[in-house]
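Let's take a friendly walk through this model together. Have the viewer open, and follow along from strands to pockets to rings.

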Amino acid sequence: MTTRELLLRVLNQQEVERIPVSPFIHVNYVKEFFDDHDVDWVTKTPDVYRHFGFDIMHRNCTPAYNFLGPQGPNWELDSITEKDGRDETTTTLIHTPDGDLRCVEKTRWIYEYDAEASVVEYPIKEEHDLELFMRYQPPPGIADTSDISKARQAVSQEGVVAPWIQGAFNLTAFYYRKLDDLLLDAMLNTGFYARTMDYFLTRYMVFVQQMIAAGPDVISYGGNIANSKIIGPDFYKNYIASYEKRLIDFIQGQGVVVLYHNCGYASKLLPLYPELGMQAYESLTPPPHGDTSLGKALSNFGKGTTLLGNIDQIDLLRTGDRHAIEAEVKRVLDAVRGRAHFILATTDYFNDNTPHENVHMLADAGRKYGSG
């Protein structure tokens, strides 16, 4: 059985001879590994997995989403980028016949090889702004999905290709509407909230369809903004679940696995997640960086959803010793054996300065205790 077949079997809830070991290795760690900011991470990501002996789940091949575009005769985008050392601030004005919209994005470098990029001024500030989007924004353009094909060639039969998308709620909260305003919209202005969610999700599905056509095995699906530290189960069920299920069904109906990602607080939402029907879920983040009990997750999901995660990459892998890492891997694999379809992974991507010897121990211990 190839590694690709192994991962696909476990992601489709089929029995396998060993538990795969496939932590989330992001672009930052690929750059650090090669000590090169300009490394071609699409072709080189598999080399990092191979070096440590991991099963390859290649996520560093996500097409860019033009969330404000494309440009059109009544939708003119005027962007200015200001630099402050390595950091950047981009301000975009969108000119329409009935008024302008303004969006500000910032990129801030937090480590040598890792940056945080986010919208800090959202374009939807009031209902009229949504009307401008709906009236004048041109239809979605053609996305460049070549990195997905490139990743498939780089991985071959050694693993699977799993580019990222934003989930339905993440999409609107990440790009278009300030989170606290969006949460209030759901309760106080339900019609506006529904129009906002539906408009941007419908457009986004055109983009997602182009990604699916490029041939990924898995879609890594961001669901972390609507976490259980911010909202409760009733809010999730009443205002979010139907949109997530719509997108999940759309993807999985075409034979692509959805790997739903919540890398933080999830405990109160665990009973609801299986109802969404995703084939796989991560990251099972325990305290202090999340609130997920592995036992509770196993009880809620059973064998109906493949689970990934539960190994702390923030403290354990960066500062723990090899004995602590081995003991934790053994504890996790003993807990899941026979109770879940499972991939040993981290609760999020490797941080900069994670010692190679600790990463090797994660791989070695996963192989040692994941068989039989």
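This is a predicted model: local features need pLDDT of at least 70, side-chain atom pairs count only at pLDDT 80 or more; totals for chains, interfaces and linings use all residues.

Residues are numbered from 1 along each chain as its sequence is written, and side-chain values use heavy atoms, with hydrogens and water left out.

S4 and S5 run antiparallel and are joined by six bridges; two strands count as paired if DSSP finds at least two bridges between them. Five residues lie between S4 and S5, and the two strands form a hairpin. Strands (E, at least two residues) and helices (H or I, at least four) are DSSP runs, numbered from the N terminus.

Now for the open space. Rolling a probe the size of a water molecule over the atoms shows where empty space is left. Here a pocket is an open set of points on a 1 Å grid over the protein atoms alone, where a 1.4 Å probe fits, with protein on both sides within 12 Å along at least five of seven lines; lining residues have an atom within 4 Å of a point. A volume is the space filled by probe spheres set on the points, which are joined across faces, edges and corners.

The largest pocket has a volume of about 1,700 Å³. Its lining counts 47 residues, and His26, Ala115, Ala117, Gln166 and Phe174 lie nearest its centre. Among the elements that give two or more residues to this lining are helix H2 (27-34), strand S4 (99-109) and helix H8 (190-213). Which element gives the most to the lining of the largest pocket? That is S5, with five residues.

Of the 17 residues lining it, Asn224, Asn227, Cys263, Gly264 and Tyr265 lie nearest its centre. Its lining has eight nonpolar, eight polar and one charged residues.

Next, the rings. The structure holds 31 aromatic pairs: rings of Phe, Tyr and Trp (its six-membered ring) pair if their centres lie within 6.5 Å, with planes under 30 degrees apart counted as stacked, over 60 as edge-to-face and the rest as tilted. The Tyr29 and Phe52 rings have centres 6.5 Å apart and planes at 40 degrees, so this pair is tilted. It links distant parts of the chain, with Tyr29 in H2 and Phe52 in helix H3, 23 residues apart. Both Tyr29 and Phe52 are buried (under 20% relative accessible area, whereas exposed is over 50% and partly exposed is in between, with a 1.4 Å probe and protein chains only).

For Phe133 and Tyr176, the ring centres are 5.8 Å apart and the planes at 85 degrees, so the pair is edge-to-face. Phe133 lies in helix H4 and Tyr176 in the loop between H6 and H7, so the pair ties together parts that are 43 residues apart in sequence. Both Phe133 and Tyr176 are buried.

Finally, the charged end of Arg86 sits over the ring of Trp109, 3.9 Å from its centre (CZ of Arg or NZ of Lys within 6 Å of the ring centre and within 35 degrees of the ring normal).

Notes
Ala, Val, Leu, Ile, Met, Phe, Trp, Tyr, Cys and Pro count as nonpolar, Asp, Glu, Lys and Arg as charged, and the others, Gly among them, as polar.
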